[in-house]
Amino acid sequence: MTAAERFDHYMDRCLYGPEGFYASGRGVAGRRGDFITSPEVGPLFGAVVARWLDGVWDELGQPATFPVIDAGTGPGTLLRSLVLAEPRCSAAWTLRGVDIAAGDTRTGDGFSIDPVMPDDLEGAVVLANELLDNLPFRWIERTARGFVEVGVADGARVEMPLDGVPDGERDAVFDELVDGESAPLLERAGEWVSTVVDSGAARVLVFDYGATTTSALARRGGWLRTYQGHGRGDDPFEAPGRLDITTDIAVDQLPTPSAVSSQADFLTKHGIDDMIEAGRAHWAEHAAKPNLDAFRMRSRINEGAALLDTEGLGSWLALQWTSDR
């Protein structure tokens, strides 16, 4: 039997190693890929985020330089939607995506995509749609013997002694777990948020699936997900490097956000209902002789329904952090 490996180390190899799901370019968002996130539903999501960006730009005093970074941008779908929306702040923004599989810097119409996050984020707005769930996490389980760590050896799940988790840190978020319950330990996700905020980002906006507490994730179960070809699974040890591996996010393991809401509530607050109604009215006026713009506006009706669905994307979390600088 080979030596046991911690789950986060295994996940890191499976997703970001040389032959990993993302680093190899196999993992792709979109209808022809492995999963659909909110930007892939259509341009409406980006149009609402663009409205939010205009509000942030105003709050910051409409600075002449306004860096906007989409972390974990993948193929750049959200970036393209933001450009299409033409918000007022686009006169000042520098629009940039970050994607580990990008290799070298590549450019699109009005944006660029780089493989690494810039070190200096002073004054930037950082967006992250379904990024935190993909950052390698540790797997902790409570047993009759106490807490153990779940790892992998010879392609199968094994139990390991906890590796360097202080009792106080563990107990703070895992104390309500009962025997047989498990939950992710989101060290990388918490570090990512802390690093971005500490690097001077003016605002951070994250969308992801999850719950407010670790114990809530453990109670409902199903927090570990895999995806391939739009099929969801729950066995992360199947076909290493060929499957996406993700987790629901527990907000109590992250730096305390300045605002927490559902995605549906965030989108509603920033005008999605008005945009849907404008699309409905435009279609009604042009349905007899529709052009491409009319079909795009009609699409808003279905896009809105998907984005606001409280049993689906609408239930995702919208988390915001504001820099103290």
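Visitor: Which strand is threonine 247 found in?
Guide: Threonine 247 sits in strand β15, residues 244-247. Strands here are DSSP runs (E, at least two residues), helices are H or I runs of at least four, and both are numbered from the N terminus. This is a predicted model, where local features need pLDDT of at least 70, side-chain atom pairs count only at pLDDT 80 or more, and totals for chains, interfaces and linings use all residues. Residues are numbered from 1 along each chain as its sequence is written, and side-chain values use heavy atoms, with hydrogens and water left out.

Visitor: Is threonine 247 buried or exposed?
Guide: Threonine 247 is buried, at a relative accessible area of 0%. Buried means under 20% relative accessible area, exposed over 50%, partly exposed in between (1.4 Å probe, protein chains only).

Visitor: What does threonine 247 touch?
Guide: Leaving out residues up to four places away in sequence, threonine 247 touches Asp133, Phe137, Pro184, Leu186, Tyr209 and Trp223. Contact means heavy atoms within 4.5 Å.

Visitor: Which way do the β15 residues point?
Guide: Ile245 and Thr247 point one way, Asp244 and Thr246 the other, and all are buried. In a regular strand, side chains alternate between the two faces of the sheet.

Visitor: Which strand does β15 pair with over 4 bridges?
Guide: Strand β13, residues 224-228, in the antiparallel sense. Two strands pair if DSSP finds at least two bridges between them. Tyrosine 227 stands opposite aspartate 244 of β15.

Visitor: New topic. How many disulfides?
Guide: The count is 0 disulfides, a disulfide being a pair of cysteine sulfur atoms within 2.5 Å. Cysteine 14 is buried at 2% relative accessible area, and cysteine 89 is buried at 0%.

Visitor: What about the open sheet, how many strands form it?
Guide: 8 strands, in the order β4-β5-β3-β2-β6-β11-β18-β17, with mixed pairing. The edge strands, β4 (106-107) and β17 (259-262), each pair on one side only.

Visitor: How do β2 and β3 run?
Guide: β2 (residues 66-71) and β3 (residues 93-98) run parallel, joined by 6 bridges. Alanine 71 stands opposite valine 98 in β3.

Visitor: And the core: which residues touch the most other members?
Guide: In the largest nonpolar core, of 42 residues, those are Phe7, Leu132, Phe137, Trp192 and Val206. A nonpolar core is a set of buried Ala, Val, Leu, Ile, Met, Phe, Trp, Tyr and Cys residues joined through side-chain atoms within 4.5 Å.
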